[in-house]
Amino acid sequence: MIKHDYTALDAAILAVIKESGPVHGYAIDKARTPVRALVEAAPATVQWNVVAYRLQALRKAGLISFQRKPEGWVLVDAR
């Protein structure tokens, strides 16, 4: 199994969350050109859902969490 480097994509996702506050995954994927370009560069097998995968990886790493009010992804420090 090939291990891919998602460092740049993770940094772009974290930057969007930091800039926008609580944000949904679909907004990260659709509205941000740097994220979109990195998603298109991802392997074709995961390209369709790479943002959702990376959001969960960032959550598991303790960098972000999903809050209910206001609803969306936030940086852990910002809670």
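Trainee: Which residue of β2 is the bridge partner of F66?

Mentor: In β2, F66 is bridged to W73. Keep in mind that this is a predicted model, where local features need pLDDT of at least 70, side-chain atom pairs count only at pLDDT 80 or more, and totals for chains, interfaces and linings use all residues. Residues are numbered from 1 along each chain as its sequence is written, and side-chain values use heavy atoms, with hydrogens and water left out.

Trainee: How do you know that β1 and β2 pair?

Mentor: Two strands pair if DSSP finds at least two bridges between them. β1 (residues 64-68) and β2 have five bridges, in the antiparallel sense, so they pair. Strands here are DSSP runs of E with at least two residues, helices are runs of H or I with at least four, and both are numbered from the N terminus. A hairpin of two residues links β1 to β2.

Trainee: Why is Q67 called buried?

Mentor: Buried means under 20% relative accessible area, exposed over 50%, and partly exposed in between (1.4 Å probe, protein chains only). Q67 has 14% relative accessibility, so Q67 counts as buried. This residue lies in β1, and its side chain reaches the backbone oxygen of P70 at 2.9 Å.

Trainee: What is V35 in contact with, leaving aside its neighbours within four places in sequence?

Mentor: Contact means heavy atoms within 4.5 Å. On that basis V35 is in contact with L9, A12, I13, V16, I28 and V51.

Note on methods: Polar contact = N/O pair within 3.5 Å; in protein donor to acceptor, adjacent residues only side chain to side chain.
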